[in-house]
Amino acid sequence: MKDYLIIGHGLAGAVLAHSLTEKNHSVMVIDQPNENRSSTVAAGLYNPITGRQMVKTWLADEIFSMLEPFYRKLEQHLDAIFLQAIGIYRPFVNQEEQNDWDIKQSDEKFSPFISSIRKKHHPEYQLDDRFGGIQLKPAGFLQIPKLLQSSKEKLLHQASYLEEEYDETRLVVASNHVEYNGETYRKLIYANGTRALNTNLFGWVPLRPVKGEILRGKLDKPLKTILNRGVFILPTDTGLVRVGSNYQHHFEDILPSNKGQEEITRKLESLLHEPIEIVDSVAGVRPATKDRRPIIGKHPEYEHIYLFNGFGSKGVSLIPFFTDKFLTYLSDETPLMEEVNITRYYKAYPSK
Ligand SMILES: Cc1cc2nc3c(=O)[nH]c(=O)nc-3n(C[C@H](O)[C@H](O)[C@H](O)COP(=O)(O)OP(=O)(O)OC[C@H]3O[C@@H](n4cnc5c(N)ncnc54)[C@H](O)[C@@H]3O)c2cc1C
């Protein structure tokens, strides 16, 4: 009997699988990837200070102190490099914002996230940054497809990965284990992103998928850091840059659209005054939730069936932290934080 059957090998399922094997649990991961899945399309940014108001993101102190060491360790384990810790440069919108952050530099609540403050134009790029800007840390991006490729190879090597469609109707739920495809597992975890909505076990949880698009283009000079205000611009291995993203709460398909491209291009032009020739675009759907918090924990009826989902637009920063929390919960039942615990939605479960 194996310990865990994990459905989904996006960022959530992959990180979870290796964290469990590191603790000597046996796992089997089933995944049928597609080009629109969130983890393939994502830009992979992690950024402690976000939004128009430039606020510290939820749990920033806890999450960002462990994020880079976590992915560095995973890189060693998977023998691949996918963390690009190149920081983020965010131009100030006015003098007041510059003054404000100048003061925050000596405030210990903010200083860990400030690499430097620039009071004049960035010399390397033609940016709309006449009030200077802030270089943020720890910040950068994760090359998620690379991580997933090396993760898949490692899991295949351990005979712990099946690339196929998981069919819930073939699952047999016994009182203290599950059976699938003739194998028996102590516990089952759904890390299946937005497709949880199509399942019987967790179709009732309030995931609220949000579509997003990202453009790829040619910029004549190399980017040494991520540029971000309204949109982000980040470098890739191929010399192209990626620009995004937008948020569409109502959508009919998962295809790149002219409207999306126009919206991103307009924002890009108000950030960077250098020509970027757009070559293509991609679209995907984020597994976001009604209250913008992950949804983690036990099925209301079955003690050994769990959900690890709802990482929305911040999977890269949230998944390491909540993997640690989830593992502790699984091993000794330490309660999960109320804010992420699936119990907050139990009332939505259509009990028999
Ligand atoms: C445009 C865009 C930009 C983004 N930018 C960022 C960013 O900059 N930073 C950031 O942190 N996050 C970003 N995200 C969000 C990020 O992608 C997600 O938070 C994260 O990747 C979610 O990972 P996941 O494993 O939960 O879900 P997914 O990536 O959706 O993975 C779920 C997996 O489960 C598989 N699966 C489901 N059901 C089945 C089944 N029945 N059989 C087989 N396989 C199944 C799916 O095929 C998929 O491979 C972005 C997302 C989008 C769309």
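This is a predicted model: local features need pLDDT of at least 70, side-chain atom pairs count only at pLDDT 80 or more; totals for chains, interfaces and linings use all residues.
Residues are numbered from 1 along each chain as its sequence is written. Local features need pLDDT of at least 70 and side-chain atom pairs count only at pLDDT 80 or more, whereas totals for chains, interfaces and linings use all residues; side-chain values use heavy atoms, with hydrogens and water left out.

The chain is divided into domain 1 (2-42 + 145-204 + 291-348) and domain 2 (210-286), with bounds from an automatic or database domain assignment. Their C-alpha centres are 30 Å apart. In contact (heavy atoms within 4.5 Å) are 8 residues of domain 1 and 10 residues of domain 2. The buried area, that is, the accessible area (1.4 Å probe) that two parts lose on being put together, summed over both, is about 720 Å², and carbon and sulfur atoms give 53% of this. Asn36, Val41 and Thr194 lose the most area on the domain 1 side, together 55% of what that side buries.

Between the domains, 1 salt bridge is counted, a term requiring a side-chain nitrogen of Lys or Arg within 4 Å of a carboxyl oxygen of Asp or Glu. Lysine 146 and aspartate 237 form a salt bridge, with the closest N and O atoms 3.2 Å apart.

Strands are DSSP runs (E, at least two residues) numbered from the N terminus, and two strands pair if DSSP finds at least two bridges between them. Strand β6 is joined to β10 (residues 140-142) by 2 bridges, and glutamine 84 has phenylalanine 141 of β10 as its bridge partner.

Definitions and conventions
Helices (H or I, at least four residues) and strands (E, at least two) are DSSP runs, numbered from the N terminus.
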